[in-house]
Amino acid sequence: NQQIVSDKALSGKKVIVTAGGTIEAIDPVRYIGNRSSGKMGIAIAEAFSNAGADVSLIYGNISISLPKNPNINLIHVESSEDMLQAVKENFKDGDVLVMAAAVADWRMEKVSDHKLKKHQDTNSLDLHLVKTKDILKEVSQGKQENQLVIGFAAETNDLIENATKKLQKKGADYIVANDVSKNVFGNDQDQVTILKKEGEKENWPRMSKIKIANKLVEMIKSIL
Ligand code: CTP
Ligand code: CA
C-alpha cells in the first residue's frame with residue numbers, strides 16, 4: 001500500500017549495509033576467515049527496512065540466518081574485492097552506507113589453483129599475504145556531500161584512541177566503536193561508543209544488537 005509506505009520516515013532513501021566476514025581463498029579448499037557472525041549488520045538492515053528505507057544487504061560469511069524481510073535486497077559476496085565492487089556499484093546512487101562487515105585485511109598474493117599438499121620434508125608453510133583494499137576509506141573519500149557513511153571499529157585495546165584514528169584516517173561520518181575482546185562475536189548484545197566527524201562522542205550502555213540497530217536508525221533519521 002503506497003500510502004503506508006510513504007508514511008515511513010526513511011521511505012525513498014537507499015541504504016546499503018554490509019554484514020558478516022569476507023573470506024579470502026588460500027587454495028580451492030581453504031580460506032582465511034574471521035569470527036564475525038553478521039548479527040549486527042543484519043539487525044541494522046532490518047531496522048532500516050522497518051523505517052521504510054530501500055535496503056540492500058551485502059553479506060559475506062555469516063553464522064546466523066538471513067533476514068526474513070522480503071523487502072531487503074540480498075547480495076552475497078565472498079572476498080573483500082567482491083565486497084568492494086558490490087558496495088561501489090550499489091552505493092553509487094545510495095544515501096547511507098553502513099560498513100558493519102568484518103572485511104579481511106589480508107589476502108593471498110596469489111591464490112593457489114590446486115590444493116596445497118603436505119610434503120614429507122617440511123613441517124611449516126609460509127603464506128604470503130598482501131593488504132586488501134580499504135572499502136570504507138575508498139568509498140568515504142569518493143562520496144558525495146549528501147551521502148552518509150558509517151563505519152565500525154573493532155578494537156581489543158585503546159578503544160577510543162584507535163577508533164578516533166580510524167574516523168579521521170578513513171573519512172567516515174560516524175564510527176561505531178566496540179571492544180571485541182569482550183565476548184562480542186555471535187553475541188546478542190554489545191556496548192558501543194559512537195564517534196562523530198564533528199568530534200562528539202556518545203557512549204551507549206550495553207544493549208541488544210537489535211536495540212543498537214534501532215538507535216542507529218533513529219540517529220540517522222534525525223540527520224537525513
Ligand atoms: N574495513 C573496510 N575495508 C577493509 C577493512 C576494514 O571497509 N579492508 C572497514 C570495516 O568494515 C569497518 C572499519 O573499516 O567498518 C574498521 O574496521 P577494523 O577492522 O576495525 O579496522 P581496520 O581499519 O581494518 O584496522 P585494524 O583491523 O588494523 O584495527
Ligand atoms: Ca581490520
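Biologist: Hi! Which residues have the most contacts inside the largest nonpolar core?

Modeller: They are V17, I44, F48, V87, L97 and I175, in a core of 56 residues. A nonpolar core here is a set of buried Ala, Val, Leu, Ile, Met, Phe, Trp, Tyr and Cys residues joined through C-beta atoms within 7 Å. Keep in mind that this is a predicted model, where local features need pLDDT of at least 70 and side-chain atom pairs count only at pLDDT 80 or more, while totals for chains, interfaces and linings use all residues. Residues are numbered from 1 along each chain as its sequence is written, and chains are lettered from A and ligands numbered from 1 in the order in which they are written.

Biologist: Which helix gives the most to this core?

Modeller: Helix α2, residues 39-50, with seven residues. Helices are DSSP runs (H or I, at least four residues), as are strands (E, at least two), numbered from the N terminus.

Biologist: And what does F48 touch?

Modeller: Leaving out residues up to four places away in sequence, F48 touches L10, V15, V17, A53, V55 and V217. Two residues are in contact if their C-beta atoms, placed from the backbone, lie within 7 Å.

Biologist: New topic: what surrounds ligand 1?

Modeller: There are 14 residues around ligand 1, and the closest are M99, V103, I135, L136 and G151. A residue counts as near if its C-beta atom, placed from the backbone, lies within 6 Å. Two elements, α4 (135-142) and β9 (148-155), each give two or more residues to that shell. The most come from β9, with four residues.

Biologist: Which residues of α4 are buried?

Modeller: I135, L136, V139 and S140 are buried in α4. Buried means 20 or more other C-beta atoms within 10 Å of a residue's own, exposed means 12 or fewer, and partly exposed is in between, with C-beta atoms placed from the backbone. Those four sit on the same side of α4 because they cover an arc of only 115° around the axis, using directions from the helix axis to the C-beta atoms.

Biologist: What is on the face turned away?

Modeller: That face of α4 carries the exposed residues Q141 and G142. The buried residues of α4 are covered by elements including α3 (80-91), β6 (96-99), β9 and α5 (159-170).

Biologist: Last one: is G199 buried or exposed?

Modeller: G199 is exposed, because it has 8 other C-beta atoms within 10 Å. You'll find G199 in the loop between β12 (192-196) and β13 (201-203).
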